[in-house]
Amino acid sequence: MIKISASIMANGFSQKSVDLAQSADSIHIDVMDGKFVENRIISAEEVAKLKSNIPKEVHLMVLEPENYIEDFAKAGVERISFHIETAYNPEKVISLMEFHELETGIAISPETDVDDILKYLDSVDFVVVMSVHPGKSGQVFIEKSLEKIRLIRSSFPLIDIEVDGGINVKTAKLAIEAGANILVSGSFIYSGNPDENIGELR
Ligand code: DX5
Ligand code: ZN
């Protein structure tokens with residue numbers, strides 16, 4: 001079954017953006033530190049205030065992700081992913097997430113070799129294949145990321161593969177064919193009627 005995660009960044013970090021996307025399966029919250037990627041920092045306190053009937057997931061685009069896990073777990077987030085490029089000790093970050101009873105995810109940027117994450121995929125619940133450069137919404141889908149999805153799917157038939165960036169009806173189809181089963185979408189969902197657009201992606 002295909003799941004849709006609504007990325008609120010495209011519509012601004014606000015309760016309104018969360019409310020508009022309640023027909024999705026989860027709310028995707030991009031957290032940046034101004035170091036790994038430029039952009040403003042969204043704190044765990046701000047995330048805790050967001051009310052949602054569907055689960056909140058945090059996509060950490062920060063250096064030293066281990067320093068953020070506890071705070072976001074306490075903010076009521078169900079799933080967290082961190083970037084392989086940012087962690088000195090990925091196993092430690094994964095164990096910390098498990099300790100806080102989070103669903104664990106590992107994210108990979110477009111320019112990073114898929115081999116860098118394969119050895120960790122037996123230990124996580126999901127993988128986030130970035131199909132744009134991390135940090136901004138509204139970018140064009142990088143088709144080369146489809147190869148990465150195919151390769152991961154061929155070795156890990158059961159893992160959740162989340163594709164993040166540039167997802168619309170056309171690119172969603174390509175990502176699903178390649179093996180993705182969770183689609184993160186921001187700009188497309190919020191351009192027009194979010195309920196209708198989420199329906200179109202399903
Ligand atoms: C990019 C973010 C994405 C982004 C997706 O750094 O991780 O979640 O907001 O937005 P669209 O769908 O606009 O590419
Ligand atoms: Zn994201």
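Mentor: A residue is called buried under 20% relative accessible area, exposed over 50%, and partly exposed in between (1.4 Å probe, protein chains only). This is a predicted model, in which local features need pLDDT of at least 70, side-chain atom pairs count only at pLDDT 80 or more, and totals for chains, interfaces and linings use all residues. Residues are numbered from 1 along each chain as its sequence is written, and side-chain values use heavy atoms, with hydrogens and water left out.

Trainee: What is the class of E64?

Mentor: E64 has a relative accessible area of 38%, so it is partly exposed.

Trainee: What makes strand 2 largely enclosed?

Mentor: Strands are DSSP runs (E, at least two residues), numbered from the N terminus. Seven of the seven residues of strand 2 (residues 26-32) are buried, so the rest of the structure largely encloses this strand.

Trainee: How do you know that strand 2 and strand 3 pair?

Mentor: Pairing requires that DSSP finds at least two bridges between two strands. Six bridges join strand 2 to strand 3, and the two run parallel. In strand 3, E57 is the bridge partner of H28.

Note on methods
Chains are lettered from A and ligands numbered from 1 in the order in which they are written. Helices (H or I, at least four residues) and strands (E, at least two) are DSSP runs, numbered from the N terminus.
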